[in-house]
Amino acid sequence: MFLNKLKVRWNDLDANGHLANASYIALMSATRVEYAESLGFTFVDFKKMMVGPVALREEVHYFREVFLGDPIYISQELVGATKDHIFYKIRHNFYDSEGKNFARGEMLGAWIDLKTRKLTQLPDEVAAKFFEKNRTQDFHYFTKEDTRIEGIKPVNIDLVSKLDWFGN
C-alpha cells in the first residue's frame, strides 16, 4: 500500500471548518502524482511518452470530520483494470494520525494519447510498474463495458432556445 502524508491546510476547508469535499478529490489526485513519482515517472516523462491519465469518475464516502492542521495519510491501491490496461480503478483511503479511516474514495481512470486525444495503452515497461504492484485484496479485471453506469449518457440541449427562455 502506498501512503502519502499531508497536513490539512486552511485552503482545504469548507464553510463548516472541516475538510471540503472538493479537497478530497484534489488530495486523491495529488496522491496519484506522488505514487507515479515513487515509481520513477514525472509528468514530464508522460509528456515525452505523449500519454496522460484522465479521471472518468470519482466518488468519496465520508465517515467523520477532519480539521485544520490535522496530519492525514492517503493510501493508494489498484482495485482493478482492463486486461489491455487502458482503464483502471484506484481506491484511496484517508486515515488520521492514529490510523483511523475517516473517508474512502475511488477513481475510475484511463490513459489518453495527448496527440490524438483518444484512449490508449501505456508503453509495456510503464504498464508493468503501474498495474502489477500495489493491488487491493479484491483486485479484479473488468471490461470496458463495466466502466459505464446504466442509463448515464450525454443529453444535449438546444442552448439558444434555453437562453431565449431566460431572456439572456
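Residues are called buried when their relative accessible area is under 20%, exposed when it is over 50% and partly exposed in between, with a 1.4 Å probe and protein chains only. The structure described here is a predicted model, in which local features need pLDDT of at least 70 and side-chain atom pairs count only at pLDDT 80 or more, whereas totals for chains, interfaces and linings use all residues. Residues are numbered from 1 along each chain as its sequence is written, and side-chain values use heavy atoms, with hydrogens and water left out.

The protein chain contains 4 helices and 6 strands, where helices (H or I, at least four residues) and strands (E, at least two) are DSSP runs numbered from the N terminus. Read from the N terminus on, these elements follow the order β-α-α-β-β-β-β-α-β-α. The C-alpha trace spans about 55 × 45 × 30 Å along its principal axes, and 38% of the 168 residues are buried. Of the contacts (heavy atoms within 4.5 Å) between residues at least 6 apart in sequence, 70% join residues at least 24 apart. The protein chain exposes about 10,700 Å², of which carbon and sulfur atoms supply 53%; accessible areas come from the Shrake-Rupley method with a 1.4 Å probe, and for residues only the protein chains shown count as cover.

The interior was described in terms of nonpolar cores, each a set of buried Ala, Val, Leu, Ile, Met, Phe, Trp, Tyr and Cys residues joined through side-chain atoms within 4.5 Å. The largest such core has 19 residues, and those with the most contacts inside it are Phe46, Tyr88, Trp111, Leu122, Phe130 and Phe131. At least two residues of this core are supplied by each of α1 (21-38), β3, β4, β5 and α3, with α3 giving the most, namely 4 residues. Apart from this core lies another, of 12 residues, among them Met28, Val60, Ile74 and Phe102. When residues up to four places away in sequence are not counted, Phe46 touches Ala36, Phe41, Val51, Trp111, Leu114, Leu122, Val126 and Phe130.

Charged side chains were examined for salt bridges, defined by a side-chain nitrogen of Lys or Arg within 4 Å of a carboxyl oxygen of Asp or Glu, and by this rule the count comes to 8. One of them joins the side chains of Lys89 and Glu106, at 3.3 Å from N to O; because Lys89 lies in strand β4 and Glu106 in strand β5, this pair ties together parts that are 17 residues apart in sequence. Lys89 is partly exposed at 26% relative accessibility, whereas Glu106 is buried, with a relative accessible area of 15%. Glu106 also meets Arg91 in a salt bridge, at 2.8 Å from N to O, and since Glu106 lies in strand β5 and Arg91 in strand β4, the pair ties together parts that are 15 residues apart in sequence. Arg91 in turn forms a salt bridge with Asp138, at 3.1 Å from N to O, a pair that links distant parts of the chain, with Arg91 in strand β4 and Asp138 in strand β6 (residues 135-141), 47 residues apart. Arg91 counts as buried at 15% relative accessibility, while Asp138 is partly exposed, with a relative accessible area of 41%. Through shared partners, these salt bridges join Lys89, Arg91, Glu106 and Asp138 into one network.

Asp96, placed in the loop between β4 and β5, counts as buried at 15% relative accessibility. Polar contacts were taken as pairs of N or O atoms within 3.5 Å, where within protein one atom must be able to donate a hydrogen and the other to accept it, and residues adjacent in sequence count only if both atoms are side-chain atoms. A polar atom of the Asp96 side chain lies 2.8 Å from the backbone nitrogen of Glu98, and the side chain of Asp96 reaches the backbone nitrogen of Lys100 at 2.9 Å. With residues up to four places away in sequence not counted, Asp96 touches Arg64, Pro71, Tyr73 and Phe102.

Positive phi values in residues other than glycine include that of His85, near 65°, and that of Arg117, near 65°. His85 lies in the loop between β3 (71-81) and β4 (87-95) and counts as buried at 15% relative accessibility. Arg117 is found in the loop between β5 (101-113) and α3 (124-131) and is exposed, with a relative accessible area of 54%.
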